Amino acid sequence: MKTNLDFTPLYRSSIGFDRMVDMLESASRVASFDNWPPCDIAKVDDDQYRITMAVAGFSQDQLTVTYQANMLVVSGSQSGDENGQYLYRGINGRAFERRFELADHVKVEGASLENGLLSIDLKREVPEEMKPRKIEISSGAPMPKIEAPKVETDKLAA
């Protein structure tokens with residue numbers, strides 16, 4: 001059952017949440033979830049992540065890793081070597097494209113291919129002004145006291 005959602009009212013009533021609404025729209029447009037090639041996503045450290053994809057049969061020049069605007073795209077294509085006569089073909093050599101939506105301030109540090117596993121290292125680098133900071137509490141002169149306005153009740157009772 002597919003439901004088309006209209007996010008237009010959110011655009012009209014919110015300011016500065018465009019990215020969130022765009023993410024909701026892109027999530028609702030996913031037609032089918034292709035789980036190939038298989039991958040692992042691991043948290044290496046508090047601010048470091050690693051995506052490991054099993055890309056057996058692909059060489060380094062047949063793979064492309066692209067990072068742009070909080071989107072990581074990994075794609076691969078092979079030139080067909082159909083000269084052999086296969087009795088069974090278990091290694092899938094079809095072209096693929098996997099997309100990973102990255103959070104703000106997550107950067108790609110590098111990628112490596114070893115033993116048929118493509119590893120992509122990611123790091124979250126939060127700017128200094130966005131990190132939590134401790135506010136010092138001063139023990140100097142007390143702040144002036146704010147008094148609430150007084151309501152004259154004598155005139156109202158009469």
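**Exposure, salt bridges and core**

Visitor: Why does Arg124 count as partly exposed?
Guide: In this predicted model, Arg124 has a relative accessibility of 31%. Buried requires under 20% and exposed over 50%, so Arg124 counts as partly exposed.

Visitor: What makes Asp47 and Arg124 a salt bridge?
Guide: Their closest N and O atoms are 2.6 Å apart, and the cut-off is 4 Å; the pair therefore qualifies as a salt bridge. Asp47 lies in the loop between strand 1 (39-45) and strand 2, and Arg124 in strand 7, so the pair ties together parts 77 residues apart in sequence.

Visitor: Why does Arg99 count as exposed, whereas Glu97 counts as partly exposed?
Guide: Arg99 has 52% relative accessibility, and exposed means over 50%, so Arg99 counts as exposed. Glu97 has 46%; that value lies between 20% and 50%, so Glu97 counts as partly exposed. These two residues form a salt bridge, with the closest N and O atoms 3.1 Å apart.

Visitor: Which residues have the most contacts inside the largest nonpolar core?
Guide: They are Met53, Leu72, Val74 and Phe96, in a core of 15 residues. Strand 7 gives the most to this core, with 3 residues.

Note on methods
Residues are numbered from 1 along each chain as its sequence is written. This is a predicted model: local features need pLDDT of at least 70, side-chain atom pairs count only at pLDDT 80 or more; totals for chains, interfaces and linings use all residues. Side-chain values use heavy atoms; hydrogens and water are left out. A nonpolar core is a set of buried Ala, Val, Leu, Ile, Met, Phe, Trp, Tyr and Cys residues joined through side-chain atoms within 4.5 Å. Buried means under 20% relative accessible area, exposed over 50%, partly exposed in between (1.4 Å probe, protein chains only). Helices (H or I, at least four residues) and strands (E, at least two) are DSSP runs, numbered from the N terminus. A salt bridge is a side-chain nitrogen of Lys or Arg within 4 Å of a carboxyl oxygen of Asp or Glu.
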